[in-house]
Amino acid sequence: MKRVFSGVQPTGQIHLGNYITMKNFVKQQDEKDCLYCVVDMHSITLPQDPETLRKSIIELAALYVAIGLDPNKVTLFIQSQVAAHAELAWILNCFSYMGELSRMTQFKDKSEGKQVVTTGLFTYPVLMAADILLYDTHYVPVGNDQKQHIELTRDIANRFNNRFGEIFVVPEPMIAKVEDGARIMSLDDPTLKMSKSNPNPHSKITLLDSMAQIKKSIMRATTDSEAIIKYDLTEKAGVSNLLTIYSQFSGDSIPSLVEKYEGQGYGTLKKDLVEVVTAELEPIQNKFHQILQSGDIYDVLKQGRNRATEIATPVLDRVKQAVGFVTY
Ligand code: TRP
């Protein structure tokens, strides 16, 4: 059975862009051996408030279940609960190059203009490589922005294998298909990617937004003054973004949506989009609250930790043996 691994950071709120990636997690759970991780160690590469982080970790775990991951089919766990991640990351740090890490665009974006940049932020992609390689992962479902990190993971794995023999499975990215490579953009400014760090609450829709807030954010989304519903990423970025979101939620193709709304105003499109989005998110929110209240999530995470450790331990031993450490 092919293995799938992916991780989400427990920082900020999960927005629609993240959600589309996570829906792809759910699709994999029946045919593949899936491990999904709350990557809390990645989150401390930037400053965090401890109590907020602790709460976000459990909430993200609950959200994983609420969106449809079945704890009896997949392994859900918290990264910092499996020490092998840190151990393998250290070893891989000794096989990664300053030059290649300096070229990571996410590092450049996150470090730009900062007075202090930690080495953790710099080696973030090496920890991500460790996450993936630790489980003999075949496929990694991620958003487009993580493609470069997966390339790096493959480079490190191949480098290691060339030096020591077939130690690692070389993984492949699995990128959710969005029409024409479109991304989910900010609602207030469709030239920017929808982002956790955007301070305007109406720039994004997060999975835990109230229904009233979702409505407000969609109804006030930036479009244009043409009042023609057309899919055109450069000329009509705002409307195209609404169509992309609609299509991701309803499953309708973009051309069929363009046809459906031909001759109608943006108001109708937006109103219907509110319906489609809230109809899907409301039951997710109900389930989310129910899971948190029941306390069952801790059992799920313990079981996940045990299974993850079981898989990771022999892989880490294999690596330790390869580099010349003593295992017994
Ligand atoms: N870097 C990823 C992100 O920000 C999160 C992540 C960490 C991840 N480790 C991973 C994703 C391993 C996939 C596989 O989205």
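Predicted model: local features only at pLDDT ≥ 70, side-chain atom pairs only at ≥ 80, totals over all residues.
A polar contact, as I use the term today, is a pair of N or O atoms within 3.5 Å.

I'll begin with the ligand. A polar side-chain atom of D131 sits 2.7 Å from one of the ligand's nitrogen atoms. Y124 likewise places a polar side-chain atom 2.7 Å from a ligand nitrogen. For Q146, the distance from a polar side-chain atom to a nitrogen of the ligand is 2.9 Å. How much of the ligand does the protein bury? On its own the ligand exposes 370 Å², and the protein buries 89% of that. The surrounding set comes to 13 residues, and the closest are H42, Y124, M128, D131 and Q146.

Next, the overall layout. The chain splits into domain 1, which covers 3-179 + 295-323, and domain 2, which covers 201-288. Taken over C-alpha atoms, the centres of domain 1 and domain 2 are 30 Å apart. Where the two domains meet, 16 residues of domain 1 contact 17 residues of domain 2.

The largest nonpolar core holds 57 residues, and Y36, Y64 and L281 have the most contacts inside it. Which helix supplies the largest share of this core? That is helix α3, residues 50-66, with 10 residues. Domain 1 and domain 2 each give this core at least three residues. A separate core of 40 residues lies apart from it, with A84, A89, A157 and F160 among its members.

Let me return to Y64, one of the residues with the most contacts inside the largest core. Setting aside neighbours within four places in sequence, Y64 contacts S6, G7, V8, M22, F25, Y36, C37, V38, L69 and L76. So that list includes Y36, if you want to find the pair on the screen.

My last stop is T75, which belongs to strand β3, residues 75-78. Is T75 buried or exposed? Buried counts as under 20% relative accessible area, and T75 has 5%, so T75 is buried. The side chain of T75 makes a polar contact of 2.8 Å with the side chain of R307. Beyond residues up to four places away in sequence, T75 touches C34, L35, Y36, G304, R307 and A308.

Notes: Residues numbered from 1 in each chain as written. Heavy atoms only, no water. Core = buried A, V, L, I, M, F, W, Y, C linked by side-chain atoms within 4.5 Å. Buried < 20%, exposed > 50% of the residue type's maximum accessible area, 1.4 Å probe, protein only. Helix = DSSP H or I, 4+ residues; strand = E, 2+ residues; numbered from the N terminus. Domains from an automatic or database assignment. Contact = heavy atoms within 4.5 Å. Near = heavy atom within 4 Å. Polar contact = N/O pair within 3.5 Å; in protein donor to acceptor, adjacent residues only side chain to side chain. Areas by Shrake-Rupley, 256 points an atom, 1.4 Å probe, with all protein chains shown as cover.
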